[in-house]
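Student: Please take a close look at one helix pair in this model. I would like the geometry and the contacts, with the cut-offs stated.

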Amino acid sequence: MNRKTTMIWDTLTPFKSIIYFTILLFFFHFSWKILIDGDIEDDFILFLGKDITPDWIYSVQVWFTNAAAWFIRLFPNTDNLVVNGNVLSYTDGLIGTRIIWGCTGIKQMTIFVGIMIFYRCFTLEKDRYSIDKYKFKFLPYWNKLWYIPLGCIILTLYNIVRIGSISLLIRYNPDIFDSLHDGVFRIIYYTIIFLLWVIWEEVFVIRKSRKKI
């Protein structure tokens, strides 16, 4: 690096963590959009137009449907809830919910896993023998081996609450489905991903750096 580039890098150093996270978030989000999201509202998973739907995806949909039904039944006046495969409905004829593959949270967990794997997997350090030179250094954070699965469990639990809450709230107000599904609960989804990253950064990265110092 030349001196000007070094100055820019040093200026951005206090913000490099959030910049790194943001770049990874947008990369995985838009990569998914480009490669897979084209048919997210259907029963088929398409990768560049090719059907790659696994045999087990319907079983996952049914599992989330039953898990969401369990959550819904924690509330009063839900005795008439009916589970039929991947569909939640009510015997009084009010609006129900169909749990498709896009409701399983596979996208959000993929984004989270991608961020965690590639976040701080390497760093740029100044070469001790040169003022203007930097070198790559691999960072083996072994705590990722259990933190990533833990994060996926937390996202799964939230997804159950999300599906159940949407089904409850649109029962008498179907017009608010889009604002809940594509608005409020989606924002919460990505907020949880961000908070999981913040916890990782504060507890396992910064604290580890302080201990070394």
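Tutor: What follows describes the packing of helix 4 against helix 5. The model is predicted, so local features need pLDDT of at least 70 and side-chain atom pairs count only at pLDDT 80 or more, while totals for chains, interfaces and linings use all residues. Residues are numbered from 1 along each chain as its sequence is written, and side-chain values use heavy atoms, with hydrogens and water left out.

Helix 4 spans residues 106-118 and helix 5 spans residues 144-169; helices are DSSP runs of H or I with at least four residues, numbered from the N terminus. Their axes come within 10 Å and cross at roughly 160°. Axes here are lines fitted to C-alpha atoms over the stretch in contact, and angles run from 0 to 180 degrees between N-to-C directions. That crossing angle makes helix 4 roughly antiparallel to helix 5, a term for angles over 145 degrees. The crossing of the two helices is right-handed, meaning that the near helix is turned clockwise from the far one by less than a right angle.

On the helix 4 side, the contact residues are Q108, M109, F112, V113, M116 and I117. They meet K144, Y147, I148, G151, C152, L155 and T156 in helix 5, where contact means heavy atoms within 4.5 Å. By class, this contact has nine nonpolar, three polar and one charged residues. Ala, Val, Leu, Ile, Met, Phe, Trp, Tyr, Cys and Pro count as nonpolar, Asp, Glu, Lys and Arg as charged, and the others, Gly among them, as polar.

Terms used:
Angles under 35 degrees count as roughly parallel, over 145 as roughly antiparallel, 65 to 115 as roughly perpendicular and the rest as oblique.
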